Amino acid sequence: MPVSIIKLTESFENTAYEAAVEQLEAGQLLDLKMPEKNLWLATIKEGEKQYEVEVLLSGNQVKEHQCTCDERQECAHSLLTFVGIREQKAQQRKTRKKTTSSSAKRITTANLLKSVAPLELEAFVKDYARKNRQFSLALKTRFAAKIDVGDIRDKYTQLLEAIIKSSVRRNGTMTYKGYQKLIKSTKELSVQIEKNLLQQNYQEAFGGLQAIFDKIIPVFRKTEDSKGEIKANVEHSFEMLRILLDSEQLPPSFREEIRSYLLESCNRVQYDIYSYFKLWYQLLLQFENTEKDWKTLLQKIDEKLVQRGLADGSIAFLINLKSQILQKIGLGAQADELMRSNMENPEVLVLAIGQALQQGKIKQAAELLEAAKGKRYTRKVTLELEKYQLQVALEGGNISEILDLSQSLLLKTHELQYYGILKQNCPKKDWEKVYQQLTDTLTNQPFSMEIRQVLPQLFASEEDWEGLLKYIKSIRSLALLQEFDKELMQHDKPQVLELYELMVTNFVRFHLGRDNASKVRDMLFHLKNIGASKLSNKLLKHIRAEYPKRKTLMDELDWL
């Protein structure tokens, strides 16, 4: 574990430290240099003998150090080297400080701004903004809040329109350079909005958010947002609007202005992308709505429901939202009828069953699940229905169904919780057979990271070390071998060491570079820690003989 060089020197006895300082002043540190980054080499004279010390740093942390003397602890030569490094680093800092102080005489931005007259600087900024459109847009984005205009929303809308216009080709698609410019501008605008929220400039913040929603979301259709950066900025804007609505400082008239904007926006087709319309409706639920307000919202939902092309999930969201509002205003019977009349929508069915289980209506949930049997659904809906069936079976103590469903869900989802349910409810006399069938089925499924994570846990839970070894061998996973090697060595040490020899040899053969060289060093060190020093030394000897020209690998192995 790396230790601060200061703490390391202070860990020695005071007399030893004082002796090291005297030795440094007496010139016993013959040579101290850094031939490679962070690697220090020292030559120390002690009587007629000379000793070599190597110290590997990471910043000011000592990662490793070694001396050619025979001392195992508190080596005086290492201490002298540490003191020498501290002294040399202190001298370097003084030199840098002198260089920095002399920068006042150089032409820096800070010095220029102090020297140039305000009017002269203003003239330059105006001229440069006329000639450089990118600088002009960046300047406007940064200081837009300083401009006092009547319509704040329009101010930011104009700004984003100018950025988008300069970024779009004639065919309506956005250039990559324009895409980068838009990302940079929206991030800067988001920073300014956050500042305005903190300073309680709520009108200014809201105007900026409106512009982002109105102008940035439609851009999704003009560009491939492969990294999701524009999407992330938009979703961050929704979060800032949520924060704005949570503020207790908003005047009622301003809160109503925001509500009107949300009602105006919630059904726009442009917000169907990424189902953003759902976020508008969720924000509208944050208001302390009167019965009249709820009815206005119900009307908006009805208008949205007749829109063509809505996905089942979107329809289900709206139906569920409408049902919640009907319940709020005392129309529970209408809410229940609404859900019943839309059960043909699989997503509505899933929601209805989930709600019934949450309310403890097990019989109602069971009836809905029974009605759904024999129908074809998407994989997602089928899984949700199976999960609810398992929940109902657990409530009713139906062991046969519990076993079938938990095993089915484990094989489909690879979630370990279903293994726990399966084992807890399986008769002990049948468990060995069920476990064997389960692991055989998982092993024979096509490889996936989900199976790679769950199957070893099953083997380990059952202490099936033979099965785990066989699986590790089949997929040749060095990481899994390292994770379970201590337990596996108690079961079959020769086979574990044989696997290690094969896998480490193959890893070295096919993996190059500094990071992989460090991994090799760590693997060999790990082998020593688990009592396999003989194998570690054998591999070390083999690697040195086979790859002497791999400098980074040899450098890393030198620390062993």
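Predicted model: local features only at pLDDT ≥ 70, side-chain atom pairs only at ≥ 80, totals over all residues.

Reader: Is glutamate 25 buried or exposed?

Author: The general idea is a cut-off on relative accessible area: under 20% is buried, over 50% is exposed, and what lies in between is partly exposed. Glutamate 25 has 67% relative accessibility, so glutamate 25 counts as exposed.

Reader: How do I read a charged patch on the surface, and which residues gather in the negative one?

Author: Like charges are joined into a patch within 9 Å, using residues that have no salt bridge. Here the negative patch on the surface gathers Glu18, Glu22, Glu25 and Glu87. Helix α2, residues 14–25, gives the most to this patch, with 3 residues.

Reader: Which residues form the nonpolar patch?

Author: For nonpolar side chains the joining distance is within 5 Å. The patch is formed by Leu113, Leu121, Phe124 and Tyr128, and together they have about 380 Å² of accessible area. Its largest share, 3 residues, comes from helix α5, residues 118–131. Phenylalanine 124 is located in that helix.

Reader: Now salt bridges. How many does the structure hold?

Author: The test is a side-chain nitrogen of Lys or Arg within 4 Å of a carboxyl oxygen of Asp or Glu. The structure holds 31 salt bridges. One of them joins lysine 187 to glutamate 229, with the closest N and O atoms 3.7 Å apart. This pair links distant parts of the chain, 42 residues apart: lysine 187 is in helix α8 (residues 176–198) and glutamate 229 in helix α10 (residues 229–246).

Reader: What about the pair of aspartate 214 and arginine 268?

Author: Their side chains meet in a salt bridge at 3.6 Å, N to O. Aspartate 214 lies in helix α9 (residues 202–216) and arginine 268 in the loop between α11 and α12, so the pair ties together parts 54 residues apart in sequence. Aspartate 214 is buried, at 13%, whereas arginine 268 is partly exposed, at 25%.

Reader: Where do glutamate 556 and arginine 514 lie?

Author: This pair also forms a salt bridge, and the closest N and O atoms are 2.9 Å apart. Glutamate 556 lies in helix α27 (residues 551–557) and arginine 514 in helix α25 (residues 514–529), so the pair ties together parts 42 residues apart in sequence. Glutamate 556 counts as buried, at 8% relative accessibility, while arginine 514 is partly exposed, at 38%.

Reader: Which residues do salt bridges with shared partners join into one network?

Author: Arg153, Asp214, Glu264 and Arg268 are joined into one network in that way.

Reader: What does arginine 259 touch?

Author: Contact is read as heavy atoms within 4.5 Å. Leaving aside residues up to four places away in sequence, arginine 259 touches Leu284, Phe287, Asn289 and Asp293. Arginine 259 lies in helix α11, residues 252–265. With a relative accessible area of 6%, arginine 259 is buried.

Key
Residues numbered from 1 in each chain as written. Heavy atoms only, no water. Patch = residues over 30% accessible without salt bridge, like charges linked within 9 Å, V, L, I, M, F, W, Y side chains within 5 Å. Areas by Shrake-Rupley, 256 points an atom, 1.4 Å probe, with all protein chains shown as cover. Lys, Arg positive; Asp, Glu negative; His and termini not counted. Charge placed at Lys NZ, Arg CZ, Asp CG, Glu CD. Helix = DSSP H or I, 4+ residues; strand = E, 2+ residues; numbered from the N terminus. Buried < 20%, exposed > 50% of the residue type's maximum accessible area, 1.4 Å probe, protein only.
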